[in-house]
Amino acid sequence: MKEFMMIFRNEKTDQPKPSPEQMQAMIKQWQDWIGGIAAQGKFVSTNALGYEGQTVNSNGVVSDGPYAEVKEMVGGYIIVKAENLADAVKLSEGCPTLFMGGKVEVRDVMVIN
């Protein structure tokens, strides 16, 4: 099996922060979705990304914020194992990001020896 990374993208919004109850419901959705992948033996790792960061350009200029000039933010990722790209894309079904109007970018992981 090959490894694939799913990158979770959402548009930046000015929506109010969710309530603690809403946060718990969202966390459960993520746990259930990732748990389903793990139950198939296809889970490798995952992490969410925070809001603090800087972007380093090729000319050495460092700017504040991760991609502050674009509307879309990368919120996190998961690495899964699948036979091929089509199987990895199928694993993205049910991803909570999709229910929030976001996107899941699925990419193969290149192993460099």
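Helix 1 gives 6 residues to the lining of the largest pocket, which is the largest share. Helices (H or I, at least four residues) and strands (E, at least two) are DSSP runs, numbered from the N terminus. The model is predicted: local features need pLDDT of at least 70, side-chain atom pairs count only at pLDDT 80 or more, and totals for chains, interfaces and linings use all residues. Residues are numbered from 1 along each chain as its sequence is written, and side-chain values use heavy atoms, with hydrogens and water left out.

The largest pocket holds about 1,200 Å³ of space. Its lining comprises 30 residues, and Asn10, Met26, Tyr51, Gly75 and Met100 lie nearest the centre. Two or more lining residues come from each of strand 1, helix 1, strand 2 and strand 5. A pocket here is an open set of points on a 1 Å grid over the protein atoms alone, where a 1.4 Å probe fits, with protein on both sides within 12 Å along at least five of seven lines; lining residues have an atom within 4 Å of a point. The volume is the space filled by probe spheres set on the points, which are joined across faces, edges and corners.

The open sheet contains 4 strands in the order 2-5-1-6, with antiparallel pairing. Strand 2 (43–48) and strand 6 (103–108) are at the edges with a single partner strand each, so one side of each has no neighbour in the sheet. From one strand to the next the twist averages 20°. Two strands pair if DSSP finds at least two bridges between them.

| Antiparallel pair | Bridges |
|---|---|
| Strand 1 and strand 5 | 10 bridges |
| Strand 1 and strand 6 | 6 bridges |
| Strand 2 and strand 5 | 5 bridges |

Individual partners can be named for these pairs. Met6 is opposite Ile78 of strand 5, Phe43 is opposite Val80 of strand 5, and Phe8 has Val104 of strand 6 as its bridge partner.

The largest nonpolar core has 14 residues, and Met6, Phe8, Trp33, Ile78 and Val80 have the most contacts inside it. Such a core is a set of buried Ala, Val, Leu, Ile, Met, Phe, Trp, Tyr and Cys residues joined through side-chain atoms within 4.5 Å, where buried means under 20% relative accessible area with a 1.4 Å probe, protein chains only. Strand 1, helix 1 (20–39), strand 5 (72–82), helix 2 (85–91) and strand 6 each supply at least two of the core residues. Leaving aside residues up to four places away in sequence, Val80 touches Lys2, Glu3, Phe4, Met6, Ile37, Lys42, Val44 and Leu91, a contact being heavy atoms within 4.5 Å.

Conventions. Axes are lines fitted to C-alpha atoms, for helices over the stretch in contact, and angles run from 0 to 180 degrees between N-to-C directions. Buried means under 20% relative accessible area, exposed over 50%, partly exposed in between (1.4 Å probe, protein chains only).
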